[in-house]
Amino acid sequence: MTSRRVFLKGSAVAMFGVGSIPSWLSRSVYAADADGKQRKKILVAIFQRGAVDGLNVVIPFGEQRYYDLRPSIAIPKPDGTPNTAVDLDGFFGLHPSLTPLKPIFEAQHLAIVDAVGSPDPTRSHFDAQDYMESGTPGYKATSDGWLNRALLKATGPVSPVRAVSLGSNLPRTMRGHNDAVAMNSLNDFQVRDPKSAATFESMYDTSLDTVLHGTGKETFSAVKIMQSIQKQTYTPANGAKYPNGRFGQSLQQIARLIKADVGLEVAFADIGGWDTHVNEVGQQPALGQLANNLNDFGQSLAAFYQDLGDRMQDVMVATMSEFGRTAKENGNRGTDHGHANVMFVMGGDVKGGKVYGEWPGLADEQLYENRDLALTTDFRDVLGELVAKHLGNPNLKDVFPGYDKSKFRGLLG
Amino acid sequence: MKVRALVATSLASFLLVLPGVSSTKSSKASDDAKKQAKLFEKKLKKDDQILHALDRLTFGPRPGDVERVKKMGLKKWIDQQLHPESIKENPDLEAKLQPLESLRMTPMETVQHYPPPQMIKAIADGRQPMPDDPILRASIERYMTRFKVKKGQDAAAGKNGAVVDPNADMEPAKPLDQVLEPAEIQVVRTGTPDKKRELLASLPADKLEDMLIALPRPQRQQLFNFAPTDVRRKILLLNAPQQVVAYDLLESKLLRATESNRQLAEELDDFWFNHFNVYYDKGSDRFLIPNYEREAIRPNVLGKFRDLLEATAKSPAMLFYLDNFQSVRPDIDVNAKNRKVKRGLNENYGRELMELHTLGVNGGYTQQDVREVARCFTGWTLLEPRRGGGFFYNDRLHDKGEKTVLGHVIPAGGGMDDAEKVLDILATHPSTAHFISRKLAQRFVADNPPDALVEKMAAKFLASNGDIREVMKVMLDSKEFWSEGAYRAKVKTPFEMVASSVRALDAEVTDAWALANQVGNLGEPLYRKQEPTGYSNLNAEWVNSAALLSRMNFALQLARNGVPGVKVDVSQFGSDPMQVAKVLMFRSASPQTRAAIEKAVADQKQKTPALVAGLVIGSPDFQRR
């Protein structure tokens, strides 16, 4: 870390002063590893907060029991018409709101893992999110997040924006000893008065405050990198259209960072509103609350894929949610807190076009505690494979401490 | 890195060391923890005590506060704060709250005065009478046009399709040129802010209303920044009636934090509202929250925990937010033929009641307890929730079977009192005493309060039947509260940061909505925490790069008078920038901050007191309390 700061001070900043790092410089520095290897691999983690109802996202339409358990909220079997499931493999189908993801699945750039999640039995949102973000289900004392630990040990200069989370708060997933920054948007990421910026920088740089000093330093290093990007206007490529919601805009900012080649390695975005206890569905099962949220979710992911184009070769996106929901619908056309769920993995290198994981079935005796989809894949198997094979960090014992049974699913060959 | 220091202390309290965490790290962590523990033994210097009390029990000191407390005596001042009813409220604050009418309304009145879309639809369909208020009537007529336009559209596009301009096809009763003189219209369109203010102040009430009705929406919106409170509420009412409720809530929250004389009560209002969090954007909660904060939270902030718990349990806002109003006995067949109204048991409230409101997640309950509690609460519902009806116990929906909650048998055949018994069990449970005490200590003492302190508070909680004032007294009499370990140990939440800036600068707040927006920008949108957990009490939650930059930007904007509705006059603190810095900080700045400000001052261009004030408010020092 010291080396990075020395590097920054010694080169770009000293030569050009605040705010004038030319984009070619930051590009040439961070586009390649120190020893001149190719561009960095990037892992984007997406958290669906509130526990999305995986059984209505990837629909096991091949199992009649699904329809028995959910008489008023089940998505109808695919028949090619709107408002029915979108067939993937004759057994599973996508929620019709996720139709934009179908071509990506067909191009084999989207893989689905079903009956996946955290083995911890908690049905508390707070605890379950905490466990999934720390990467240590059952251990509360873990202080940092798995995505921070997933970063490769720096050997040369590292970018101050190697780990970026979109939003006003740095999520648990991203916290830890590696520098990580939170930002609402790239353009807002600056002190608006340059003169005061220098004073603030010096205050935070020299401060003895144990909590504020480190973050302050990281902030100002990142501000300098952002300044080169802020000068350019951004138009998504290939006609990609991001939805206007917070999630779509977050993904657009991540795409922009990736294309600016400023050394991004891991990114995080989240999307809420999945806690569908009541009126999960509208007039028809394929409409309503969950459908609207999935529209936003699917269109955002599809726009990201389209915008990045060939650059998806370097990128892997993984989605997760703290737990699934009850297999049986509740009395309010909704579902309560459950267990296993579904994850998406999207990227140029993924062996997509397939639903991974063993399907445990929905018969009473097959359900977890007689009520929820049982777990057949640990979420750390999925994330671990991405960390090891995509980011190239083999030290999974440090990324997911206490988990040594890791069993890759072959998502990346 | 940011979290490391913190984490070091928190890690140490768990002896459990994860595989993969190196031993050097953990021994360093336990060294830090020992150091921290020693700090809680070290008594705070006399000079720092008043400042410490003001930091913790108010939304930050104002110029002159230290002297005032000194004069009164610290002990007496604290005692007063613990009895807010004995403190005369600031008349300026009361005058400012006066126009915020929705704060005083019942939910039903709120629905009528600030109708949500479904109510407007009811009026449009003739099921509800047209209101008398001309502004509201104009607003509803506009919305009615929108409904008619929408009905004609493709039904599929209705919900998510483009929003139809409510002004479309609407002719105001009096066009603008019949209301205003040409010169006045000129001012509305292109006048300077001062001219606009002048015009708004000069118009008689009826003319003003006619003008607002006649103005196209964008121009009306432009006046928002220049309008006094009552006119601003009319603008909101015309644009979207429900926004008025959010506006009144936000205004009152910021005004009270910055101007109330009952500061501790306001701190506790924030604490308890957050503890029993409800979310503004969830359906009916839009009009239920003013009543919730006023009736359930505010009267009980220093009262008995059992009362507070029951008030929230019965409040329409909570019943709606955590879905209990829809929860009915599992075997009921309300209307088997019509699936739309099919209902059943809903566990949401039962779970959060134990996990978040009382026992805490490790408080010793099981999934079975969650279910049993939910069964006890069946029948606790709402009368016409979408029209602002209140709490209602419906015996027909109640599960009459026997239940066992945390080992206590609740016999079959009970009614509404089944849930009362649950509240009794939970409110007197040792886990609750511990959970609540620790959370209070985290807010008022430090992120990792010493166990000894928490135990003392929990013991008082149990002995006093959950008397919050008594528990607070134990904390405020403890050596841990008055220790170096507690002094400036907390990073301000965004709300505290914004409120304390206004107080430190002795700023005059005429309208607080822009301040409330700033709190949102800093990461804590008020009344809008979606999860029932509420916002975190802990430093780590608020320290990140985006938030820090936003704090610096806010500080500069506020000090140079750039926040609408807030007037800052820094010259009152003197012309010597370093003197200004000292006054605003109330204590000596750290040498590092001081050096940076001195350098900025030496750089001739930054000499203005306003800039120095901005630098002080944005400094690392000021982010602490």
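In chain A, strand β3 and strand β4 (residues 93-94) run antiparallel and are joined by two bridges. Strands here are DSSP runs of E of at least two residues, helices are runs of H or I of at least four residues, and both are numbered from the N terminus. Two strands are taken to pair if DSSP finds at least two bridges between them. Across the pair, V86(A) stands opposite L94(A) in β4(A). These strands belong to an open sheet of three strands in chain A, with the order β2-β4-β3 and antiparallel pairing. Because β2 (58-59) and β3 (86-87) of chain A each have a single partner strand and stand at the edges, one side of each is left without a neighbour in the sheet.

The model is predicted: local features need pLDDT of at least 70 and side-chain atom pairs count only at pLDDT 80 or more, while totals for chains, interfaces and linings use all residues. Residues are numbered from 1 along each chain as its sequence is written, and chains are lettered from A and ligands numbered from 1 in the order in which they are written.

Strand β1 (residues 42-48) of chain A is largely enclosed by the rest of the structure, because seven of its seven residues are buried. A residue counts as buried if 20 or more other C-beta atoms, placed from the backbone, lie within 10 Å of its own. In a regular strand, side chains alternate between the two faces of the sheet. From β1(A), I42(A), V44(A), I46(A) and Q48(A) point one way, whereas L43(A), A45(A) and F47(A) point the other way. β1(A) runs parallel to strand β9 (residues 315-321) of chain A, with seven bridges between them; there, Q48(A) stands opposite S321(A). Strand β8 (residues 266-271) of chain A is also parallel to β1(A) and is joined to it by six bridges, and A269(A) in β8(A) is the bridge partner of I46(A).

Chain B contains 34 helices and six strands. Of its 625 residues, 50% are buried. Among contacts in chain B between residues at least 6 apart in sequence, 69% join residues at least 24 apart; a contact requires C-beta atoms, placed from the backbone, to lie within 7 Å.

The contact between the chains takes 59 residues from chain A and 63 residues from chain B. On the side of chain B that touches chain A, the elements that each supply at least two residues include α1 (4-12), α22 (348-357) and α31 (545-559) of chain B. The most is given by α31(B), with eight residues. By class, this side of chain B has 29 nonpolar, 23 polar and eleven charged residues, where Ala, Val, Leu, Ile, Met, Phe, Trp, Tyr, Cys and Pro count as nonpolar, Asp, Glu, Lys and Arg as charged, and the others, Gly among them, as polar.

Conventions: Two residues are in contact if their C-beta atoms, placed from the backbone, lie within 7 Å. A residue is buried if 20 or more other C-beta atoms lie within 10 Å of its own, exposed if 12 or fewer, and partly exposed in between; C-beta atoms are placed from the backbone.
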